[in-house]
Amino acid sequence: MQEFEKSISFDGRDIRLKVGLLAPQAGGSVLIESGDTAVLVAATRAKGREGIDFLPLLVDYEERLYAAGRIPGGFLKREGRPPEKATLTSRLIDRPLRPLFPSWLRDDIQVVATTMSMDEKVPPDVLAVTGASIAVLLAKIPFNGPMAAVRVGLVGDDFVINPTYKEIESGDLDLVVAGSPDGVIMVEAGANQLPEADMIEAIDFGYEAVRDLIQAQRDLLQELGIEIVKEEAPVMDQTLENFIRERATAPVKEILARLEKDRTIRDAALDEVKAAIVSAIAELPEEDPVKVAAASDAKALNNTFKDVTKKLMRRQIVEDNVRIDGRQLDEIRPISCRVGVLPQRVHGSGVFNRGLTQVLSIATLGSPGDEQDLDDLHPDTEKRYLHHYNFPPYSVGETRPMRSPGRREVGHGALAERALVPVLPPKEQFPYVIRVVSEVLSSNGSTSMGSVSGSTLALMHAGVPIIKPVSGAAMGLIKEGEEIRILTDIQGIEDFLGDMDFKVAGTDTGITALQLDMKISGLPMDVIANAIHKAKPARLHILGKMLETIDKPSSELSPFAPRLLTIKIDSDQIGLIIGPGGKTIKGITEETGAKIDIAEDGTVTISAIEGEKAKRAKAIIQGMTRKLNAGDIYAGKVTRIIPIGAFVEFLPGKEGMVHISQLADHRVGKVEDEVAVGDEVVVKIREIDNRGRVNLTRLGIHPDEATAAREAAATK
C-alpha cells in the first residue's frame, strides 16, 4: 500500500493518521499520532476454525517502556505480563469494536495495538481505539464501521477533547466516548460526583468529536480507493434450526409467561424442554436430515434454544412491559445489607445482596509502604487505593479451574475502584493505603455494581472517613425495531439477551463512575440520557437500603488495624534515620516492632498494631532529629560506662558522653563510684563537636531545672 498521511484537529490538538508506512504484512495497519504519542495498530484476519460458534476476536494492547525512554525493572529487564492499565486498554479497544462485526462472522481476527512513543501529555488509549477501526477497515474485514473514540475532560467549566494527563488529574471528569455512525456504542467514565445533566452534556460533546473522526476515516478510505467491506451472511441449512424452533417456541413461551422469580426453577423447566427435543431427534430415522444435521453440529440445539428464548423474552418485555421474573421495567430486586460478618482480624467487611447476586467486600488498611508501585507508561508511579474483584465458579453454580484473574475480573475491579476513589479521604487526613477485595459469592447480574455497594459498606465498617457513600445500579435495554424499553437492575439473563449493559455509580450528589457497553451498532443520545436519568432513583433506593445498615463510618478502627503516626523531618535528616546500609532504621524496627516509611519530602509514617510501639518509634525518631543546643537540660539513663566517662541516653535514640571530670563537682577516681548502668541522671549539653558528637555534663544544673527535666521526661 502506498504511504499516505491525514490529520484532523480538535481545538488545536492534532491527530495524525499514517498508513502504508509500517507492518506491511499485516492485513491492515495504521500509525496514529498526537503530540509525541504514537500507537501502531495492526489487524489481521485468518480462516475460521471448525466448530467455532462465536467470533474469535483477540485484542491485545502492548506497552513498550522504550516509548517513554525507560528500561524495564526486574531481573530480566524486559516487558513481561501486561500491567493492569494495559489489560484495561485492551478491553477499551475490544468493547466498541466487537459489536460492529457481523453476527455471522466466525473467522479469527486479531488486533494488536503497540505504543511506540509517548509523551506526558497525550494518553495513548483512545488513539488505539480509533486506530483499531482504521486497521480493520484497511484489512477489508466485514465491519459496520467506521468507529472512533475520544476522551473528554472538564477543565474549569469547559469540556476539553483529549485532555492531557495533567488536565485529567486536576479536573472533575475523565470520560471516554466511542461511537459509530449509528450512535454512541461505549462510554467509560470516572467523575467527581458530577450531576447527571453535566454527564449527558459531556457524552454528547464527545460524540460530536467522534463524528468528525468517523468522517476523517471515510475520507481516508476514499482517497485510498478502499471501500468498506459489506459481505453477505453465508446461506445455512435451516432444517435442524426449524425443527428445534417448532418444538421449543410454545413450551418456552409458556415458561416465560409464568414470571417465575426463582431462577433455578425456571432453568430446570427450560432444561426439560431441551431434553424433550433431544429425545425427539433421537427417535428419528438415521437418514432423517434433522438427525444427520444434529450429528454434525453438536452446538446447534443450545444456540437455537438460546435464540428462541431471547426473542420470546424480548417480545414479552416490549409487548407486555413485564420482565421474565414478573418485575416492572423500573423495579429493583429485594436488597439486604450487613456489616461485620467476619471477625475483627478483618479490618472491615460488608455483604450486599440484590436478588440472587451476593458480594462480600473486605477492606484492609495498610501503611504507606504498602502502596503499589506501577511500572507502566502511565505517569502515576504509585497507587494508594486498590480494588480487586474475584469471581469463583461456584458463584454461578459451575465448576471450572481456578486461574489468575482474567480481563473481566480486572475490568470489574477497576470500575468499582474508579467509583470509590472520588469519595476517599485525602492522604493528609487518612494516610492509610486501602485495599478492598470483592468476593462474588453468588451472581445473577451486575456484580460490579454490587461490588461498589458492598465495598462502601466495608469501608465505612473499617472506619475509613469517606466523603459520601456510593451505590451503583445496572441498566439494560431491549430494542425491537423502533420500540425501546429501558430496564432497571438487570439480572443475568437480561444482560445476556439484552442490547445494553449500562452501569452507573455515584453518591446522592452525582455520578462517580459510568460504563456503557452495547451489543448493537449504537444508540442516539436521547436514549442514553433517558437511561442515565432512570438510573438515579435506582441508585438512591439502593443507597437508602445501605444507610439503614450503616449510616456513617465507624468511629474506631479495628484493634488489628495498624496505628499510624506521622512526623515531619528535614529532608537532609533522612540519611540519619536510615543509617549506613539501613542499619539505623532496621535497629529502630527491631527494637520497637513498628514499621517505618519515609517519603522524599521528609514525611515519616510509623505504623504498628499496638499503638505504644508506634509511639516508642516516634519518640526515638524525634529524639534523633531534634535540634540540640548547648545548655539544654534533659533527664536520661546511663547506658554504658568506659574508663573516661559514662554514656547517657538523654533522648530516645540519642546518646552523649559525660566525661569523668564532668560527673561531679569533686575529683572522681572511678566512673563506677558515681554512676552505674541503668541509673537515671539529669544532664546538660556542654557542647556539640564538629563531628556531631554530644558532650554532656552534670555540673551547673539548678535544682529547679533538674525537676523540670524529670517532669518533662515522665510525660513522654
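How many helices and strands does the secondary structure of the protein chain come to? The count is 16 helices and 29 strands. Before going on, a caution: this is a predicted model, and every value I give is computed from it.

Overall dimensions, then. Taken along the principal axes, the C-alpha atoms fill a box of roughly 120 × 60 × 50 Å. The chain has 716 residues, and 52% of them count as buried. Its accessible surface comes to about 33,300 Å², with 50% of that belonging to carbon and sulfur atoms.

On to the interior. In soluble globular proteins, nonpolar side chains tend to be buried together. Here the largest nonpolar core has 90 residues. Those with the most contacts inside this core are Leu97, Phe101, Leu173, Met199, Ile203 and Phe502. Helix H4, residues 196–224, supplies the largest share of the core, 13 residues.

Take Ile203 as an example. Which residues does isoleucine 203 contact, leaving aside its neighbours within four places in sequence? They are Leu175, Val177, Val184 and Val187, together with Met525, Ile528 and Ile532. Apart from the core that holds Ile203 lies another one, of 69 residues. Leu256, Ala363, Ile466 and Leu543 are among the residues of that other core.

For the chain as a whole, consider contacts between residues at least 6 apart in sequence: 70% of these join residues at least 24 apart.

Last item, charge. The protein chain carries 87 positive and 107 negative charges.

Definitions and conventions. Residues numbered from 1 in each chain as written. Predicted model: local features only at pLDDT ≥ 70, side-chain atom pairs only at ≥ 80, totals over all residues. Heavy atoms only, no water. Core = buried A, V, L, I, M, F, W, Y, C linked by side-chain atoms within 4.5 Å. Buried < 20%, exposed > 50% of the residue type's maximum accessible area, 1.4 Å probe, protein only. Helix = DSSP H or I, 4+ residues; strand = E, 2+ residues; numbered from the N terminus. Contact = heavy atoms within 4.5 Å. Areas by Shrake-Rupley, 256 points an atom, 1.4 Å probe, with all protein chains shown as cover. Lys, Arg positive; Asp, Glu negative; His and termini not counted. Charge placed at Lys NZ, Arg CZ, Asp CG, Glu CD.
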